[in-house]
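Please have a look at the sequence and the structure before I start.

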Amino acid sequence: MTTNTPTTTHTMLRAEGFSCPSCVKKIEKQVGRLKGVENVKVHFASARIEVDHDESTTSVDDIVAAVAKAGYTATPSAF
């Protein structure tokens, strides 16, 4: 018997276009709305976005699109 356990993926993105700390809330709100996203943390000083999500529900492309919808550019990053 197989159980359908959701697997959480930790994705790091490098963001561009941050100009003020209020950008952080905008991005966290937009990405946080995505189905399958469990946690979003935007680091203003380093322009990094960390997202814990179920990859079978929300892809990295979905997250990048949500960041774009908030008005910023993000690219997947290894660190």
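Predicted model: local features only at pLDDT ≥ 70, side-chain atom pairs only at ≥ 80, totals over all residues.

Let me begin with Glu 28, which counts as buried at 16% relative accessibility, where buried means under 20% relative accessible area, exposed over 50%, and partly exposed in between, with a 1.4 Å probe and protein chains only. Residues are numbered from 1 along each chain as its sequence is written, and side-chain values use heavy atoms, with hydrogens and water left out.

Which residue does the side chain of Glu 28 meet in a salt bridge? The partner is Lys 25, at 3.5 Å, N to O, a salt bridge being a side-chain nitrogen of Lys or Arg within 4 Å of a carboxyl oxygen of Asp or Glu. Lys 25, for its part, is exposed, with a relative accessible area of 58%.

A search of the whole structure finds two salt bridges, and another pairing is that of Glu 50 with Arg 48, whose side chains meet at 3.4 Å, N to O. Here Glu 50 counts as buried at 18% relative accessibility, whereas Arg 48 counts as partly exposed at 23%.

Four strands form an open sheet in the order 2-3-1-4, with antiparallel pairing, where two strands pair if DSSP finds at least two bridges between them. The edge strands, each pairing on one side only, are strand 2 (37-43) and strand 4. On average, neighbouring strands of this sheet are turned by 25° against each other, direction ignored; axes are lines fitted to C-alpha atoms, for helices over the stretch in contact, and angles run from 0 to 180 degrees between N-to-C directions. Helix 1 packs on the sheet, touching strand 2 and strand 3, and its direction makes about 165° with that of strand 2. Helix 2, residues 60-69, lies across strand 1, strand 3 and strand 4, running at about 160° to strand 4.

Looking at the pairings of strand 1 (residues 8-16), seven bridges join this strand to strand 3 in an antiparallel arrangement, and Thr 8 has Asp 54 as its bridge partner there. Four bridges join strand 1 to strand 4 (residues 73-76), again antiparallel, and Leu 13 stands opposite Pro 76 in strand 4.

Let me turn to Asp 52, which is placed in strand 3, residues 48-54. How far away is the nearest side chain of opposite charge? That side chain belongs to Arg 48 and is 11 Å away, and Asp 52 is buried yet has no salt bridge; Lys and Arg count as positive here and Asp and Glu as negative, while His and the chain ends are not counted. The side chain of Asp 52 does make a polar contact with that of His 10, at 2.5 Å. By a polar contact I mean a pair of N or O atoms within 3.5 Å; within protein, one must be able to donate a hydrogen and the other to accept it, and residues adjacent in sequence count only if both atoms are side-chain atoms.

His 53, also found in strand 3, is buried with a relative accessible area of 0%. Its side chain makes a polar contact with the side chain of Thr 11 at 2.6 Å, and the His 53 side chain also reaches the backbone oxygen of Thr 58 at 2.8 Å. Leaving aside neighbours within four places in sequence, the residues in contact with His 53 include Gly 36, Val 60 and Ile 63, contact meaning heavy atoms within 4.5 Å.

Finally, Ser 56 lies in the loop between strand 3 and helix 2 and counts as exposed at 66% relative accessibility. The Ser 56 side chain makes a polar contact with the side chain of Asp 54 at 2.8 Å.

Note on methods
Helix = DSSP H or I, 4+ residues; strand = E, 2+ residues; numbered from the N terminus.
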